[in-house]
Each structure stands twice: as structure tokens, then as C-alpha cells.
Amino acid sequence: MMKMTFRWYGDHDPVTLDKIRQIPGMYGIVSSLHDIPAGEVWPEERIIEHKNKIEAAGLTFEVVESVPVHESIKIGAPDRDQYIDNYCTTLRRLAKNGVKVVCYNFMPVFDWMRSELNHKLPDGSEALIYVDEIAKTMNPLVADISLPAWENYDKDELKALLTKYQSVTEEDLWNNLKYFLEKVIKVCDEVKIKMAIHPDDPPWSIFGLPRIIVDETNLDRFLNLVPSVNNGLTLCSGSLGVNPKNNIPEMIRRYGDRIHFMHARNIKITGERCFEEAAHKSECGSLDMYEIIRALYDVGFDGYIRPDHGRMIWGETGQAGYGLFDRALGATYLNGLYEAVVKNNSEK
Ligand code: CS2
Ligand code: MN
């Protein structure tokens, strides 16, 4: 049985726990301690406080998205061991307090990237879009751009960081990821935490920085870096799916029990390296959401799933991609597909 979850950004999130609990079929919350800088150990009392708040709303706290990876680890800098130790300490504390899955990513400097955050669609809703031509002209060192998933670096810090990356190749990034995983997965095997890497979004290089978690060839390579089941995936349909060569249902069938967390969202490919974030329903975008849910059912997926970015609808304002309404519609739609697939199979 898959477990439906919803991302919550903490006390400052206008989408409150009280609202989230009213979405039918909601099992739990996916969350993080966003004020703690990457690389620092999470204080145990903060973890407990977070868990208690979520449980008081009748929800579970079994998935963290994300424990961010310090840039020194990705760069392979001499101080990385300290940050890896800190990461492991956080994992131990999370496991002790009931967390089962930890989502993270290995994208240099920037998390997900879009060229426009509130693009008006014909129906009046607003969506995040990506147009490669425009993205290529954006320069985070000059322009005043910052996206919700980005760390808040000032321009000097950013410049220093990008300079450090100048000599980091894709192969270096692979080596640094392996080095990180070899230490971290050992701890996960001991404390029973499943690590779930989030694919790069979009799955190609941006701002000249290497990106490696992008397609099937590289996901195969990733899973072989450390063969433990605890070295697994967050399969984000929207991130991988903007490359038409990535067949999401096929990937689900291929990776099966290495998928611990599913981000299910639709996207509409509008050109070469161009896409819009569509409503979740299959006919609204380029992905067949029914086939995605059917593949999850067929591989016996019993992990966590969440709707991913939503559009802004019904006049809602708030954090781009993370309003209540469209994501709630998404959760309900995914639950509906799942119920249909389950019933279809039990009638046979
Ligand atoms: C998320 C990512 O908002 C999103 O699209 O899917 O920001 C995700 O949380 C991180 O990449 C995971 O580390
Ligand atoms: Mn995602």
C-alpha cells in the first residue's frame, strides 16, 4: 500500500497542518528543518518538536525532504569529512525519532530551476515554466533571481562557490558522491534509514555546472555505487520526465524496491528543453499518470508518494509550486488512480 504524503514547510508555511489533514487519505508529512544551514547537525530537540507538531495534527513524520548536502561534500573539499560526520549524526537522530526515509539531492549549488515562476496559462492559473533560451540568458551572479529551493547566498558567496566548482567535472562529482555514500549508507544500514536521492531538475547542466542524476544510464550507475537497498531513489516524474527519453513507468519497473519515495507530478513538454508544470491529470501534460500508478502497484510499491509542484489556482498566492489547492487536487487524483488500479487487479 503506498502512503500518501504532503510537503509542509514548517510554522511559516501558509498551508498549515490543520489544512493538510483535511485532504482525504493523507498519511503523513514530508518536511525539513529549513532554518538549519546545510552541514550542521540537527539538534534532537528540534526534531522531536517538529515530530510532535505533526503528530498532534494526526499525521506521521516518517520522511524528511531534505537533509541538504554541504557543498564541500559535492566539491570534494578537504573539510568534507566533518560535514559527512555531521550528516551521519543527523541521520542517527532522525532514525531514533521514527524517520524512515531521507530525501536529498546532489545538484551543485542550485536546486530546481525555472525561467518563470508565474506564467499565466489560458485557464487563468499560474504555473512554473522552463524555456531553455531564457534560462541560458539568466546569470545568478548578475540578475536578481532567486528560487524557493535555492540557498540564500549573497553575490560574493555565490561567486566564491562557483569559482570552486570550476575544476569539478562530472567524474569528480561521481567520485564525491560515492565517497559520501560509502560512509552514509553504512550508517543507514545500521539504523535502518532509506536514503532517496532526488534527480536533478531539470535533468541537464545549468549555469555550466555538472549534473549527473539525469537518466537511466546514470541512475543505474548511481545504484551500483553502493549496492545496499538503503541507497535508493526519490523517483520524481516531473524532474526526469521533461526529457522525453526518460520513460517513467519503465523506470519504476526497473528500479522497483530501490524506490523509497515517489514525487508524482505531470509536466507538459512544449519544445526542446522547454516545459510547463501542468496539472497532475494525464491529459493536462505529457506524462501518463495512470501508467505511473499502475507501475507502482505492479512492483508492489509500499513507500511514500506525494503530489509535487502545483499551479496557483483560485487566486491562491504563496510559495511557488507549493500552494494548497492544486496539490490537494493532485493528491486526490493520485489516490483515485490508485484505488482504481487496486480494484481492477482484485477483480481479475
Ligand atoms: C523538490 C526539490 O521542490 C522540489 O521540486 O522536488 O526541491 C527537492 O526537494 C530537492 O531537490 C530534494 O533534495
Ligand atoms: Mn520532485
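## Close-up views of a predicted model

View 1. (Angles under 35 degrees are roughly parallel, over 145 roughly antiparallel, 65 to 115 roughly perpendicular, and the rest oblique.) Helices (H or I, at least four residues) and strands (E, at least two) are DSSP runs, numbered from the N terminus. H10 makes the contact through Ile248, Pro249, Ile252 and Arg253, and H11 through Glu291, Ile292, Arg294, Ala295, Leu296 and Asp298. Contact means heavy atoms within 4.5 Å. These residues divide into 6 nonpolar, no polar and 4 charged. (Ala, Val, Leu, Ile, Met, Phe, Trp, Tyr, Cys and Pro count as nonpolar, Asp, Glu, Lys and Arg as charged, and the others, Gly among them, as polar.)

**How to read the views.** This is a predicted model: local features need pLDDT of at least 70, side-chain atom pairs count only at pLDDT 80 or more, and totals for chains, interfaces and linings use all residues. Residues are numbered from 1 along each chain as its sequence is written, chains are lettered from A and ligands numbered from 1 in the order in which they are written, and side-chain values use heavy atoms, with hydrogens and water left out.

**View 2. Four residues coordinate the manganese ion (ligand 2).** The donors are His198 (NE2), Cys236 (SG), His263 (ND1) and Asp308 (OD), at 2.2 to 2.5 Å. Donors are N, O and S atoms within 2.8 Å of the metal (3.2 Å for Na, K and Ca); water is not among the atoms, so sites may look incomplete. Along the sequence, the spacing of the donor residues reads H-x37-C-x26-H-x44-D. One pair links distant parts of the chain: His263 sits in strand S9 (residues 259-264), and Asp308 sits 45 residues apart from it, in the loop between strand S12 (304-307) and helix H12 (325-347).

**View 3. Asp308 sits in the loop between S12 and H12.** Is this residue, Asp308, buried or exposed? Asp308 counts as buried, because its relative accessibility is 2%. His263 is buried too, at 0%. Another polar contact joins the side chains of Asp308 and Arg265, at 3.1 Å. A polar contact is a pair of N or O atoms within 3.5 Å; within protein, one must be able to donate a hydrogen and the other to accept it, and residues adjacent in sequence count only if both atoms are side-chain atoms. Beyond its neighbours within four places in sequence, Asp308 is in contact with residues including Cys236, His280, Tyr322 and Arg327.

**View 4. Asn246 occupies the loop between helix H9 (237-241) and H10.** Asn246 is buried, because its relative accessibility is 7%. Its side chain reaches the backbone oxygen of Val214 at 3.0 Å. Setting aside neighbours within four places in sequence, Asn246 is in contact with Val214, Asp215, Glu216, Leu240 and Met251.

**View 5. Leu17 lies in helix H1 (residues 17-20).** At 9% relative accessibility, Leu17 is buried. Leaving out neighbours within four places in sequence, its contacts are Trp8, Ile29, Lys53, Ile54, Ala57 and Leu59.

**View 6. Val41 lies in the loop between strand S2 (28-31) and helix H2 (44-56).** How exposed is Val41? Val41 is partly exposed, because its relative accessibility is 25%. Thr89 is 48 residues apart from Val41 along the chain, yet 6.6 Å separates their C-alpha atoms. Apart from neighbours within four places in sequence, Val41 is in contact with Ile36, Asn86, Thr89, Thr90 and Arg93.

**View 7. Two peptide bonds are shown in the cis form, Glu65 to Ser66 and Asp201 to Pro202.** Omega is near -5° for the bond from Glu65 to Ser66. Omega is near 0° for the bond from Asp201 to Pro202. Ser66 sits in the loop between strand S3 (60-65) and helix H3 (71-75). Pro202 sits in the loop between strand S7 (194-198) and helix H8 (216-225).

**View 8. Lys192 and Trp314 have a positive phi.** Most residues other than glycine have a negative phi, and most peptide bonds are trans. Phi is near 65° for Lys192 and about 55° for Trp314. Lys192 is in the loop between helix H7 (170-191) and S7, and is exposed at 62% relative accessibility. Trp314 is in the loop between S12 and H12, and is exposed at 63%.

Note on methods:
Buried < 20%, exposed > 50% of the residue type's maximum accessible area, 1.4 Å probe, protein only.
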